[in-house]
Amino acid sequence: MIQENFKFYKPCKELQPYVRYYWVFKSNQPLNTLTFPIGCPQIIFHKQTPLYIPELGTAQSKFTISGQVNYPSHLYANGNVEMIVVVFQPYALRAFLNLPISLLHNQEVSGYDLENKPLKRLAAQIFDCGNTGLCISLIEQWLLSRIADVLTSKTAYNLKRISATIQQLFAMPAIPVTELASTACLSKKQFERLFNELVGANPKEYARIVRFQKSLKLLQHDSEDANLAQLAYQCGYADQSHFIREFKQFSGYTPLSLLNAYKPYSDLFSNPT
């Protein structure tokens, strides 16, 4: 997507451990863009035409919950696009939805299909509201109302444990799962179950997304002099062949062919606010 068409909003201080940012995209022009796994679940409100995803053979719902994905996808629209998106921290959506996020793996689920009346009321408010700033305020009010319950539950402790392991993965994507489990003070089996429930992918799969996004970050800042062997080492790949193979799985391109087609951008390792 064209960066100039975006407007980003920073969450309030209380929500920053749970929400990375909000973004709004408006366009009257036809849209045809390629997206990659970003490592963060999202809630999407389409105030006009929902986006069509050919890889899934369907359009997004007007009110969409997007889980972790492990494949590249195209987004199409004929015009009249206006969307408001909540981008959560990788582990945080579970705090606001009463279901394991693993159920959303590689899924674009309609929020109307969830048994969550407060969330449906929020969607109705957003679609009735014509002011973008007020829409963001309504979203924040709903999120804050949910946080009050989370902070008094066991979920808050589990979120902190998984958050700590996510930070380790960001720093060292090749870190063994046993070390992550040790940080969380859990057995490997318990950790993998909790991680999958909160993040929506198992630790090894999520580490692959982190490696990919980290490579995008490095290509984003050093695209003119890319050394693939050095990139592979910095991002935790076994070797250059491993890097190229996984990069193509997540993007549909080799690193060098992507540089010729797109300007690399890492959603996971960039802070647009």
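**Helix packing and loop residues in a predicted model**

Student: How do H7 and H8 pack, at what angle and how far apart are their axes?

Tutor: Helix H7 (residues 228-235) packs with helix H8 (residues 240-251) at an angle of about 80°, and their axes are 8 Å apart. Axes here are lines fitted to C-alpha atoms, for helices over the stretch in contact, with angles running from 0 to 180 degrees between N-to-C directions. H7 and H8 are therefore roughly perpendicular to each other; angles under 35 degrees count as roughly parallel, over 145 as roughly antiparallel, 65 to 115 as roughly perpendicular and the rest as oblique. This is a predicted model, in which local features need pLDDT of at least 70 and side-chain atom pairs count only at pLDDT 80 or more, while totals for chains, interfaces and linings use all residues. Residues are numbered from 1 along each chain as its sequence is written, and side-chain values use heavy atoms, with hydrogens and water left out.

Student: Which residues make that contact of H7 and H8?

Tutor: From H7 they are Leu228, Ala229, Leu231 and Ala232, and from H8 they are Gln240, Phe243 and Ile244, where contact means heavy atoms within 4.5 Å. Six of these residues are nonpolar, one is polar and none is charged; Ala, Val, Leu, Ile, Met, Phe, Trp, Tyr, Cys and Pro count as nonpolar, Asp, Glu, Lys and Arg as charged, and the others, Gly among them, as polar. Helices (H or I, at least four residues) and strands (E, at least two) are DSSP runs, numbered from the N terminus.

Student: And how do the axes of H6 and H8 cross?

Tutor: The axes of H6 and H8 cross at roughly 95° and come within 10 Å, so H6 and H8 are roughly perpendicular to each other. On the H6 side the contact includes Arg208, Phe212 and Leu219, and on the H8 side it includes His242, Glu246 and Phe250. The residues of this contact divide into seven nonpolar, four polar and three charged.

Student: Switching to H5, which of its residues are buried?

Tutor: In H5, Phe191, Leu194, Phe195, Leu198 and Val199 are buried, where buried means under 20% relative accessible area, exposed over 50% and partly exposed in between (1.4 Å probe, protein chains only). Seen down the axis of H5, these buried residues fall within an arc of 105°, so they line one face of the helix; the arc is that of the directions from the helix axis to the C-beta atoms. Lys189 and Arg193, on the other side of H5, are exposed.

Student: What do the buried residues of H5 pack against?

Tutor: They pack against helix H3 (154-171), helix H4 (177-183) and helix H6 (203-221). The buried residues of H3, in turn, pack against helix H2 (132-150), H4, H5 and H6, and among them are Leu159, Arg161, Ile166 and Phe170.

Student: Which residue follows H5, and what is its phi?

Tutor: Glycine 200 follows H5, and its phi is positive, near 95°. Cysteine 185, in the loop between H4 and H5, has a positive phi of about 60° although it is not a glycine. Most residues other than glycine have a negative phi. At 61% relative accessibility, cysteine 185 counts as exposed.

Student: Where is leucine 56, and what is it in contact with?

Tutor: Leucine 56 sits in the loop between strand S5 (52-53) and strand S6 (58-59), and at 33% relative accessibility it counts as partly exposed. Leaving aside its neighbours within four places in sequence, leucine 56 is in contact with Tyr71 and Glu108.
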